[in-house]
Structures are given as structure tokens and as C-alpha cells.
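This report walks through one protein chain, element by element, for a reader who is new to structures. Please keep the sequence and the 3D view at hand while reading.

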Amino acid sequence: MINVLIVEDSRVVSEYLYYILSKDPQIQVIGNVSNGKLAVEFIRDHKPDVITMDIEMPVMDGLEATRIIMSTTPIPILIVTASRNTQEISTSIEALAAGALAVIEKPVGIGHPKEAELARNLIGMIKLMSEVHVIARKPKPSPKPAITAPPAKDRIIVKPGELPEVIAIGVSSGGPQALKIVFAGLTKRFPVPIVVVQHITKGFLQGMVDWLGNGLDIAVKIAEDGEYLLPGQIYFAPDGFHTGVSRALRIRLETNGSKSGFCPSVAHLFQSITAEFGNRSMGILLTGMGSDGAHELKNLRDSGAITIAQSKESALIFGMPGVAIQLGGATYVRSAEEICALLKDMEMNAVKK
């Protein structure tokens, strides 16, 4: 039985969430509170397996509650929001960076055309979240992550003459915080274009890109079909499109099905990079549930590319990188901070040249 705490200030919505969840025989709602402060107090005496968390609430909002819970009594948190306004999306992304596992659209009322779909999504996500082990995440005093250089023996050295033509990154749950660390300190002088597939609920990608870009010196944008990739830019695969890269360094967007079940999929990006660039590329697989991109990272490594999987100690969710490591797909296993050090070294060495 999966024990769930609902945190929602609207009584109507709260009762509707209870109605949806109570229909599933594997889920039991053990609490229903109206703000983040009550949620923090509730878990002192009870230990839910999953928390569904609203964002905008009185007394204490979902972001602050997430920060407190994840730094004291870590529990899988699912952000459930109906709003699409810029501020609430930004706050939802901040909650992901604070340790929430995912953000999804709040189910709509009975009789709505999307009722069944959104209800299935909520139940399915709760079941996935219940299997995840989360660790405490102590809040950082600085808005920019403090990056500590790894010991010299652990540094990955890529000489200027050996730079890849493109870097491909796959990431899912835990992505916002991991990417903020990995990209910290990079500038528009970075010598290679970076293409990222981030699993995130449709409608939240632009908010995440804006949030990430506001704290970085390197340019960040959503990729467009046919766009020519430039160094010093980070390109995110858009909602609903598989993203590949042609040999001429142009973005190729497709809507074909994916074996991984995700769209965009990391698998598709890595397949494209392997076919078009092989040993002239670099593949990085960061935190996330499941195995999207893990087999393809192995193929990328076999082609001669440098491949990196995020370490277990560093990843919020060790699913995707963990599978890649088991398959022998990672040339290196490194923390997010160590991957950042590699990228900064690449930039500094290229500038010196």
C-alpha cells in the first residue's frame, strides 16, 4: 500500500484528488492538509510514501515546504499545479531544484475531456515516486552552486585538439539542480554546442529554460528545427519532438515513436549523435528514473566517444546513469561538480589556444 499525503489549499481540489487516489486499491490517502506548514507538522508523526504538493498556498507555500521536508525528513514530493502563469511555473522549477521529483498538471474536474488522462498520469506518477529513495538535500546559502574542483587524479582532460564537435546530455528527475551545477561557470566562449533532452511535463520546459538561463552566463534556449548549432549555446529538445543533430550540425526535430516511451527521448538524441559524430562527440547521462538513453550511451562509447554517467552519490535518482554504468556505457563516472570542472577546463583550454 502506498501512503499519500495531499497538500492543497483548495477544499474542492483536495477532495477531488482524494476521490481520484482512493479509487486505486494500491493507494491510501493518510492525510489531507491545506498548507506547507501543516505538511511539515504532519510528517513529524506520520511518514507518507509520497507527498502531492500544491505551490501557491497561504501560511507556507509548496516551495518552502519542499525545502524544509527535503532537508530534514526527505520524502518523494510530486508538485501538482494547475497554473501556467510565469511566476508559478518558476516556483515549481525552484521546487524541483530543491528536491521535488517531478511537476505535473493538476487533474481537472469530473466530465472534463482530459479528466481520465490527467487522473491516470497522477496515479502513475505516484506509483513511480513511491519506489524512489530520496536523500536529504541541505539548502545552499548561495543562489549559485559552489563548485569545488575535483582532485587532479579525478579530472578528465580533453585537449584543445581533441574537443568533441557536439555534447549530448540526457536527464530526467532531478534535472534542474543537476544542470545548474553542471553548467555553472560556463560562458558564451564555451567551444562546443550542447544539446539536452530533459524529461519534464509539457508546458514547463520554457519555464525551466528561463530559470536556468537566468543564473548562467552561457546562452540557453529551446531548439528549433533546422537551426544551426553554435558553440557557446545550450539547446533543449522542445516538448513533443525527438531531437537529433545532422552531420552539418543542424537540429532535426521528429515526431516518430520512441522505444523509450518518452518524447523527446534521450535514446533518440544519443542514437543521432552516434550515427553522425561517433568518436567526435561526448555523451553525458545525468540523474533520472528508468533507463532512457542508457543502452544508447553504451553504443556511443563503443563508437569511440567520451561518455560520462553521473555518480550515485551525486544523482538525485540513480536510475538512468545507474543502468548505463551496469551496461558498461560510461567511460567515466563522475559527480555533477566534477562534470562541471571538465566543461570549465574545456572552455579555458580552448580560450588559451
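Strands β1 and β2 run parallel and are joined by 6 bridges, and within this pairing Asn-3 stands opposite Gln-28 in β2. Together with α1, these two strands make a right-handed β-α-β unit.

The mean pLDDT of the chain is 90, and 92% of its residues reach 70 or more. Over residues 141-149, however, the pLDDT is below 50, although this stretch has 13 contacts in the model beyond near neighbours in sequence. Where pLDDT is low, the predicted coordinates should not be read in detail.

**A helix with a buried side**

Helix α5 covers residues 115-129, and its 15 residues reach 21 Å from the first C-alpha to the last, close to the 21 Å expected at 1.5 Å a residue. Which residues of α5 are buried? They are Glu-115, Leu-118, Ala-119, Leu-122, Ile-123, Met-125, Ile-126 and Met-129. Because these residues cover an arc of only 165° around the axis, they lie on the same side of α5.

**An enclosed strand and its partners**

Strand β12 (residues 281-285) is largely enclosed by the rest of the structure, because 5 of its 5 residues are buried. In a regular strand the side chains alternate between the two faces of the sheet. In β12 both faces are covered, with Ser-281, Gly-283 and Leu-285 buried on one side and Met-282 and Ile-284 buried on the other.

Strand β12 pairs in the parallel sense with β6 (residues 166-171) over 5 bridges, and it is also joined by 4 bridges to β13 (residues 306-310), again running parallel.

| Residue | Opposite residue | Strand of the opposite residue |
|---|---|---|
| Asn-3 | Gln-28 | β2 |
| Ile-167 | Met-282 | β12 |
| Leu-285 | Ala-309 | β13 |

From β12 the chain crosses through helix α9 (residues 294-302) to β13, and this β-α-β crossover is right-handed.

**Two single residues**

The C-alpha atoms of Val-266 and Gly-124, which are 142 residues apart along the chain, are separated by 21 Å.

Gln-233 has its place in strand β9 (residues 233-236). Its relative accessibility is 18%, and because buried means under 20%, Gln-233 counts as buried. Not counting residues up to four places away in sequence, Gln-233 touches Val-192, Pro-193, Ile-194, Ile-218, Ala-219 and Lys-221.

**A covered helix**

Helix α6 (residues 175-183) is mostly covered, with 9 of its 9 residues buried. Among them are Gly-175, Pro-176, Gln-177 and Lys-180, and just after α6 the residue Gly-185 takes a positive phi of about 90°.

How values were computed
Residues numbered from 1 in each chain as written. Predicted model: local features only at pLDDT ≥ 70, side-chain atom pairs only at ≥ 80, totals over all residues. Heavy atoms only, no water. pLDDT = per-residue confidence, 0-100. Contact = heavy atoms within 4.5 Å. Expected span 1.5 Å × (residues − 1). Buried < 20%, exposed > 50% of the residue type's maximum accessible area, 1.4 Å probe, protein only. Arc of directions from axis to C-beta. Pairing = 2+ DSSP bridges. Right-handed = clockwise from strand over helix to strand, strands pointing away.
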